[in-house]
Amino acid sequence: MVICVDFDDVINDLLSAWLLWLNTKYNCNVAFEDVVHWDMARAYTSLTREQIYEPLMNESFWGTVKIKNEAIDIIKKLQAEGHEIYICTSTHPIIMSCKYNKLMKPHLPFIDERHIILAHNKQMVNCDIFIDDNPNNLLGGNYKKILFDMPHNRNVVSDEVVRVKDWDEIYNAVNDMIKQNS
């Protein structure tokens with residue numbers, strides 16, 4: 001199977017690092033569960049959009065973002081089972097080099113750089129299974145859909161989407177999809 005995996009908040013823990021950065025810098029108290037919309041500006045109503053998105057353009061910020069260890073283990077396991085894994089991220093090209101140098105290259109050296117896709121319209125990507133936390137990225141694509149549970153996507157209910165809470169559930173969902181395909 002060809003499996004595409006979103007990077008931010010699926011492989012890494014972007015939201016926690018972003019909240020810590022903004023809460024510390026601006027003396028705010030926004031919690032993980034408070035981010036119930038894709039647009040972070042709705043959680044930080046006292047900040048400007050420039051203030052909210054500034055960390056993402058800051059190279060040192062990306063050094064604070066952690067990779068989920070269980071993601072590494074399951075991705076390696078899926079690769080060992082013969083699946084082709086691609087990281088597919090929707091990000092600004094300037095930010096991409098920070099993500100690659102600070103996170104992907106050191107923590108995911110087993111993902112060939114030719115298996116990293118920068119795509120803002122992920123429905124254009126051809127794969128068998130797509131794993132993402134943004135439900136909009138799963139709309140209309142011609143692939144099986146796994147939605148990584150986050151506070152901002154809990155209002156999404158769809159028969160086309162399998163919701164998972166962690167990487168063990170991702171692994172089980174992938175195996176269930178493989179069985180359904182056989």
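D149 counts as buried, because its relative accessible area is 8%. Buried means under 20% relative accessible area, exposed over 50%, and partly exposed in between (1.4 Å probe, protein chains only). The side chain of D149 meets that of R163 in a salt bridge, at 2.8 Å from N to O. A salt bridge here is a side-chain nitrogen of Lys or Arg within 4 Å of a carboxyl oxygen of Asp or Glu.

This is a predicted model: local features need pLDDT of at least 70, side-chain atom pairs count only at pLDDT 80 or more, and totals for chains, interfaces and linings use all residues. Residues are numbered from 1 along each chain as its sequence is written, and side-chain values use heavy atoms, with hydrogens and water left out.

**Salt-bridge network**

- E33, D149, R154, R163 and K165 are linked in a network of salt bridges.
- Helices (H or I, at least four residues) and strands (E, at least two) are DSSP runs, numbered from the N terminus.
- R163 is partly exposed, with a relative accessible area of 28%.
- R154 forms a salt bridge with E33, and their closest N and O atoms are 2.6 Å apart.
- That pair also links distant parts of the chain: R154 is in the loop between β5 and β6 (161-164), E33 is in the loop between α1 and α2 (49-53), and 121 residues separate them.
- R154 is partly exposed at 40% relative accessible area. E33 is partly exposed at 44%.
- K165 is found in the loop between β6 and α6. K165 counts as exposed, because its relative accessibility is 55%.
- K165 and M150 are 15 residues apart in sequence; their C-alpha atoms are 8.0 Å apart in space.

- The structure holds eleven salt bridges. One of them joins the side chains of D8 and K99, at 2.3 Å from N to O.
- This pair links distant parts of the chain, 91 residues apart: D8 is in the loop between β1 (2-5) and α1 (14-26), K99 in helix α5 (residues 93-107).
- Both D8 and K99 are buried.

**Aromatic pairs**

- The structure holds four aromatic pairs. Rings of Phe, Tyr and Trp (its six-membered ring) pair if their centres lie within 6.5 Å; planes under 30 degrees apart count as stacked, over 60 as edge-to-face and the rest as tilted.
- F61 and W62 are edge-to-face, because their planes stand at 75 degrees, with ring centres 5.3 Å apart. Both residues are buried.
- F130 and Y143 form a tilted pair, with 5.1 Å from centre to centre and 35 degrees between the planes.
- F130 lies in strand β4 (residues 129-132) and Y143 in the loop between β4 and β5 (144-148), so the pair ties together parts that are 13 residues apart in sequence.
- F130 is buried, with a relative accessible area of 0%. Y143 is buried too, at 7%.
- W21, F61 and W62 form one aromatic cluster.

**Negative surface patch**

- E70, D73, D168 and E169 gather in a patch of negative charge on the surface. Patches are made of residues with over 30% relative accessible area and no salt bridge: like charges are joined within 9 Å, nonpolar side chains (Val, Leu, Ile, Met, Phe, Trp, Tyr) within 5 Å.
- Asp and Glu count as negative and Lys and Arg as positive; His and the chain ends are not counted. The place of a charge is NZ of Lys, CZ of Arg, CG of Asp or CD of Glu.
- Accessible areas come from the Shrake-Rupley method with a 1.4 Å probe; for residues, only the protein chains shown count as cover.
- Helices α4 (69-80) and α6 (167-181) each supply at least two residues of the patch.
- D73 is found in helix α4. D73 is exposed, with a relative accessible area of 51%.

**Backbone and a buried tyrosine**

- Most residues other than glycine have a negative phi.
- D9 has a positive phi, near 70 degrees, and is not a glycine. D9 is found in the loop between β1 and α1 and is buried at 8% relative accessible area.
- N27 is not a glycine either, yet its phi is positive, about 50 degrees. N27 is found in the loop between α1 and α2 and counts as exposed at 71% relative accessibility.
- Y44 lies in the loop between α1 and α2. Y44 is buried, with a relative accessible area of 1%.
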